[in-house]
Amino acid sequence: MPMPAWVNKSLASCYRLMSGRRVRQVFAIATTVVLLIGFGDTLLPLVGHGLHVLVEIIELALEHLLEAAFGLSPRQAQTVLAWGGLMIVLFLSVHFIRKAYRITQRTCLEAKKRWCAFTNSATATAMAWFRALLILGSLGATVYLFT
């Protein structure tokens with residue numbers, strides 16, 4: 001049974017609307033956010049489990065590759081992968097920590113510039129308030145982390 005003409009027209013117009021790459025990205029992000037808000041308690045463990053299975057599959061394939069290519073025993077291949085994975089995780093952690101530090105520095109400098117522009121001058125009082133607000137904000141975030 002063929003589809004009615006109005007369905008074909010509406011599908012075609014939806015396809016034309018969604019043909020831009022940027023529009024598809026925004027739609028995908030919006031759909032993901034809505035799904036996570038509505039079903040986050042079910043979807044997040046499922047995504048975590050899926051990622052864990054994916055990592056295990058890659059690890060298993062790499063272990064077999066090491067065993068076949070270099071004649072290692074299964075235990076030796078697991079040890080090589082464990083230490084190699086640790087090195088990769090440490091390298092990526094340092095990289096992301098440095099990146100987060102740079103972003104934080106830029107954000108603080110921008111906030112300082114905006115604060116100074118807001119007060120129309122970089123007076124000592126404005127700088128003291130800025131420092132106090134910055135310290136209080138960081139203390140609040142630290143207290144939030146440990147509660």
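Visitor: What does the accessible surface of the protein come to?

Guide: Accessible areas come from the Shrake-Rupley method with a 1.4 Å probe; for residues, only the protein chains shown count as cover. Here the accessible surface is about 12,800 Å², and 74% of that belongs to carbon and sulfur atoms. This is a predicted model: local features need pLDDT of at least 70, side-chain atom pairs count only at pLDDT 80 or more, and totals for chains, interfaces and linings use all residues. Residues are numbered from 1 along each chain as its sequence is written, and side-chain values use heavy atoms, leaving out hydrogens and water.

Visitor: How many of the residues count as buried?

Guide: Buried means under 20% relative accessible area, exposed over 50%, partly exposed in between. In this protein, 6% of the 147 residues count as buried.

Visitor: Which helices and strands are there?

Guide: Both are DSSP runs, numbered from the N terminus: helices are H or I, at least four residues, and strands are E, at least two. This protein has 4 helices and 0 strands.

Visitor: Where is Glu 63 found?

Guide: In helix α2, residues 21-70. Glu 63 is buried but has no salt bridge. A salt bridge is a side-chain nitrogen of Lys or Arg within 4 Å of a carboxyl oxygen of Asp or Glu. Lys and Arg count as positive and Asp and Glu as negative; His and the chain ends are not counted. The nearest side chain of opposite charge, Arg 75, is 9.9 Å away.

Visitor: Is Arg 106 buried or exposed?

Guide: Exposed, with a relative accessible area of 57%. Arg 106 is found in helix α3, residues 74-119.

Conventions:
Buried means under 20% relative accessible area, exposed over 50%, partly exposed in between (1.4 Å probe, protein chains only).
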